[in-house]
Amino acid sequence: MVDAAKVVAAVDKTYNDIQSVKTRMMGVTGTLNQLKVAVATALPAGTSNQGAQINLGFVRQELAKAKEAVAKFKEAVQAAVDSGGAAAGGGARRMMKDDKSRTLYERVGGDLNIETAVEIMFAKSLLDPRVRSFFEKNQRKMQQIRKKVYQFLSGFLGGPKLYDTTNVKPAHYHMNITDYHFDALMDLYAVALGELGIHADACKDFLAALGRVRKDITTGCTVRMELAQKNMEK
């Protein structure tokens with residue numbers, strides 16, 4: 001007689017493994033698309049590829065990153081095959097249980113999940129009129145922003161410290177970032193974490209932790225607004 005509980009568990013496991021691989025595939029295709037855009041924007045409008053000036057160093061760098069992303073994707077797929085899905089990259093299936101004794105870095109899935117969450121958030125920010133102007137830059141600048149955001153989150157969440165957090169406030173001081181913009185960014189991160197299958201409690205704690213840097217990011221604009229208000233009242 002078929003054990004219904006085992007069948008349901010097997011189906012659930014397969015579904016989550018597919019979702020995990022799908023998420024990694026999104027990261028790979030996103031990286032390749034960025035490379036494609038970088039090359040395309042380097043070509044003058046209305047000209048052929050011949051004689052166009054392209055920053056080969058930048059292209060090689062992006063291509064190396066794309067190859068690395070593909071390698072990680074292959075590893076995730078192979079892990080799923082070797083273990084019958086038990087180790088499909090730690091995506092949605094691993095998030096079925098949340099261990100609050102671990103760091104937030106570990107609870108959200110570590111390096112690959114954080115990097116993928118940043119990629120998803122960034123892609124969505126370019127389509128969101130609330131914050132698009134802060135992220136829509138040239139390809140090199142956008143790559144730098146993504147890298148710094150990932151490096152910040154890594155250490156901030158309890159993982160490898162790759163970014164000096166004392167730079168957060170001065171780096172954003174001259175940007176006109178308000179609570180409205182910060183809330184929009186929080187919305188995008190919530191969506192990104194949801195798409196990755198992050199456990200609801202880990203997602204909630206991630207957003208709460210991120211909320212602690214709100215003041216550092218919005219202070220510059222707040223100060224300027226207060227000064228402007230005082231000048232108007234004179």
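**Helix packing in an all-helix model**

Okay, so let's start with a crossing: α8 and α9 pass each other right-handed, meaning the near helix is turned clockwise from the far one by less than a right angle. Before I go on, this is a predicted model, where local features need pLDDT of at least 70, side-chain atom pairs count only at pLDDT 80 or more, and totals for chains, interfaces and linings use all residues. Residues are numbered from 1 along each chain as its sequence is written, and side-chain values use heavy atoms, with hydrogens and water left out.

Back to that pair. The axes of α8 and α9 are 10 Å apart, and the packing angle is about 155°. Axes here are lines fitted to C-alpha atoms, for helices over the stretch in contact, with angles from 0 to 180 degrees between N-to-C directions. So α8 is roughly antiparallel to α9, a label for angles over 145 degrees. Who touches whom? On the α8 side we have F182, M186, Y189, A190 and L193, and on the α9 side C203, F206, L207, L210 and G211; contact means heavy atoms within 4.5 Å. Sorted by class, that's 9 nonpolar, 1 polar and no charged residues. For the record, Ala, Val, Leu, Ile, Met, Phe, Trp, Tyr, Cys and Pro count as nonpolar, Asp, Glu, Lys and Arg as charged, and the others, Gly among them, as polar.

Now the other pair. From α4 you get D111, I114, E115, V118, E119, M121 and F122, and from α6 M142, I145, R146, V149, Y150 and L153.

Next, the largest nonpolar core: buried Ala, Val, Leu, Ile, Met, Phe, Trp, Tyr and Cys residues joined through side-chain atoms within 4.5 Å, buried being under 20% relative accessible area with a 1.4 Å probe, protein chains only. It has 39 residues, and V108, L153, L157, Y189, F206 and L210 touch the most other members. Helices supplying at least two residues each include α4, α6 and α9, while α8 gives the largest share, 8 residues.

Zooming out, the protein chain has 10 helices and 0 strands, taken as DSSP runs numbered from the N terminus (H or I, at least four residues; E, at least two). Buried residues make up 38% of its 234 residues.

Terms used: Buried < 20%, exposed > 50% of the residue type's maximum accessible area, 1.4 Å probe, protein only. Parallel < 35°, antiparallel > 145°, perpendicular 65-115°, else oblique.
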